[in-house]
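The entries below follow the order in which I went through them.

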Amino acid sequence: MGTLPRTTSRTPSYILRSVIALSCLSLLFIIYKVNDFASQTKTVAGHNLDPTPWHPFRPKTFNHEALPSRAYKLLQCSYLACRYTNNKGNATTQQEEDRRRSATSVAKPPQCPEVFRWIHQDLEPWATTKITPAHIEQAKRYAAFRVVIYKGKLYVDLYYACVQSRAMFTIWGLLQMLKRYPGRVPDVDLMFDCMDKPTIERSEHASMPLPLFRYCTNDAHYDIPFPDWSFWGWPETNIEPWDEQFQAIKRGGQETTWRKKELLAYWKGNPDVGSPVRKELLNCNDSKTYRAQILKQDWDEEAKAGFLQSSLSKQCNHRYKIYAEGYAWSVSLKYILSCGSLALVITPQYEDFFSRGLFPKVNYWPISANAICPSIKSAVDWGHGHVREAQAIGRRGQEYMENLNMDRVYDYMFHLITEYSKLQDFKPVPPNTAMEVCANSVLCLADDAKQREYLERTRAKPFPGPPCDLQPADGNLINKWKKEKAAVFQTVEDMNLVITLTRDFNGFDIRLLHIHLRNRDTENPILHSSLDLIYLSILRKPEPSGEFAAATLDPVPSIVLVLLLYFPLSAYLQHPVVFNLNLNLFFLQPWNVSLEHMGFRGLLPVDPCVDKS
């Protein structure tokens with residue numbers, strides 16, 4: 001009996017091809033949507049962000065990554081990294097909090113440095129009005145990103161890119177502060193600009209001051225200074241995290257004793273940053289005329305050469321180091337002070353959070369911005385003649401920076417944000433456009449090995465004790481500091497006005513229209529003022545050969561000069577001074593010269609005195 005053949009149903013080939021084609025189209029559509037979604041995802045590394053319009057710079061490119069891999073990286077880093085961290089880290093949070101409470105109950109916090117008093121001064125504009133949502137919304141026009149700390153987590157709303165890795169390292173610093181003080185940082189909502197110059201002018205915003213955080217400020221602006229990104233490292237210039245970099249610079253400064261350091265004022269930096277001060281400083285590159293060595297730094301070329309010639313620890317071989325602001329303030333100040341050399345600070349227009357605690361002639365020597373080259377020469381000459389005093393000022397500047405370690409930096413951040421939060425009259429909540437940022441997401445977005453290395457090296461650990469104890473507000477003390485600084489800077493300007501009008505011709509000092517005002521030490525001390533059409537004197541000052549204090553004083557001829565015009569200002573007109581007879585000598589040890597060493601003769605009333613200025 002025959003069997004019937006078995007028939008099998010076959011799927012038509014066109015159906016299979018249709019399924020494959022539909023699957024490919026679906027996959028392409030998914031890839032397109034993923035890429036499209038990723039192309040709209042903004043990151044702390046600068047993806048999909050334009051440069052700040054108020055300070056344009058060359059936008060960052062990410063062409064080294066293929067589009068699919070870049071899209072996957074953005075999605076992984078932005079949306080998944082923090083979820084994994086939260087699930088993993090919640091178990092230890094309670095244990096850390098218990099250990100902290102136990103340590104805090106017995107620990108007595110140290111007193112905060114005096115410069116922390118500026119926190120109250122910076123926030124004083126909102127002491128009465130408080131900070132409202134309207135303030136935050138208005139400040140958005142000037143911000144590169146928004147930071148919201150909510151229930152111990154950090155959320156960031158990005159508006160513009162920041163140059164290089166500023167945003168990434170600034171936000172990393174905030175994350176480490178949260179890690180250092182878990183559960184103790186209050187909820188806040190703040191706007192931040194990561195570029196150089198302050199923008200919230202007091203004259204323009206007096207009716208409604210806008211709270212905007214940035215790296216520097218001055219008296220003409222409301223901007224609130226915050227520790228800059230380089231405290232956690234600056235990979236683009238090979239500058240290491242602050243604590244490590246300071247120790248390296250300090251060791252470099254100790255390699256050469258003060259007596260063997262080069263007797264020149266040294267500066268090395270980039271003058272092509274739109275800085276008139278740095279442009280003028282280039283004219284001072286004359287070791288004989290101005291006692292200065294000025295070098296240009298090309299960071300692009302230096303990066304290609306592996307930063308062999310830009311190590312900060314190798315730039316402490318001079319007794320004098322110059323600080324010159326860049327486009328605004330410069331991060332270089334802390335590295336210059338760290339050497340222990342006498343820092344010559346060209347009168348700054350801007351200040352960061354810590355520089356307001358520095359005082360001229362205590363931590364550094366002030367240089368006039370209106371007569372840079374002569375002022376540098378004058379400072380170097382002073383330092384040669386006052387070796388111990390110059391060395392002591394350099395040491396105090398170094399000690400100031402040594403005390404500003406990362407413990408104090410985190411304390412400053414904590415107190416600033418805590419005091420700021422007290423002024424908010426609303427409960428901060430992350431906006432819908434903000435994304436959570438955590439340590440894993442930042443590390444995930446790091447572009448290169450150098451960035452990841454610096455980030456990993458600056459991971460903070462929970463601190464068991466409390467932060468330093470913040471002093472109360474004291475506006476009178478702040479004003480006293482400001483007046484003292486202003487007085488010193490004005491003295492420098494007055495001295496350089498004389499330098500500008502003075503020319504040295506073979507030892508003769510000739511000044512035109514010389515104005516002199518002083519209190520003479522005579523039997524009847526009175527205030528004298530003189531206006532001299534022509535002022536002549538002898539200034540015999542030999543060039544220093546190696547060490548100024550060891551130079552010999554050449555003989556000076558005995559010369560008496562009569563001033564052509566003199567106006568006395570005296571309460572005792574019975575004894576007016578008709579002629580002012582001057583013999584100005586430059587003595588290496590003026591305190592050994594007194595009136596008894598000099599003889600005076602004249603037919604008309606003469607006021608003899610020795611001026612030890």
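**Ground rules.** I am working from a predicted model, in which local features need pLDDT of at least 70 and side-chain atom pairs count only at pLDDT 80 or more, while totals for chains, interfaces and linings use all residues. I number residues from 1 along each chain as its sequence is written, and side-chain values use heavy atoms, with hydrogens and water left out.

**Overall.** I noted 16 helices and 16 strands in the protein, taken as DSSP runs numbered from the N terminus (helices are H or I of at least four residues, strands E of at least two). Of the 613 residues, 48% are buried, where buried means under 20% relative accessible area, exposed over 50% and partly exposed in between, with a 1.4 Å probe and protein chains only. Among contacts (heavy atoms within 4.5 Å) between residues at least 6 apart in sequence, 72% join residues at least 24 apart.

**Helix α5 against α15.** I looked up how α5 (residues 166-180) packs on α15 (residues 449-457), and found an angle of about 20 degrees with the axes 11 Å apart; axes are lines fitted to C-alpha atoms, for helices over the stretch in contact, and angles run from 0 to 180 degrees between N-to-C directions. The two helices are therefore roughly parallel to each other, given that angles under 35 degrees count as roughly parallel, over 145 as roughly antiparallel, 65 to 115 as roughly perpendicular and the rest as oblique. On the α5 side M168, F169 and W172 meet Q451, Y454 and L455 of α15. By class this contact has 5 nonpolar, 1 polar and no charged residues, with Ala, Val, Leu, Ile, Met, Phe, Trp, Tyr, Cys and Pro counted as nonpolar, Asp, Glu, Lys and Arg as charged, and the others, Gly among them, as polar.

**Helix α5 against α13.** Here the axes come within 10 Å and cross at roughly 90 degrees, so α5 and α13 are roughly perpendicular to each other. I listed G173, L174, Q176, M177 and R180 from α5, and D407, Y410, M413, F414 and I417 from α13, as the residues making the contact. They divide into 6 nonpolar, 2 polar and 2 charged.

**D411.** Staying with α13 (residues 406-422), I turned to D411, which sits in this helix and is buried at a relative accessible area of 1%. What does a polar atom of its side chain lie 3.2 Å from? I found the backbone nitrogen of C468 at that distance. Leaving out residues up to four places away in sequence, D411 touches F116, Y181, P467 and C468.

**D228.** I then went to the loop between β5 (224-225) and α7 (242-254), where D228 is found, buried with a relative accessible area of 3%. Its side chain is joined to that of K334 by a polar contact of 3.2 Å, a term that covers a pair of N or O atoms within 3.5 Å, where within protein one must be able to donate a hydrogen and the other to accept it, and residues adjacent in sequence count only if both atoms are side-chain atoms. Y215, W329, V331 and K334 touch D228, again not counting residues up to four places away in sequence.

**Q297.** My last entry concerns the loop between β7 (292-296) and α9 (299-304), which holds Q297, a buried residue at 6% relative accessibility.
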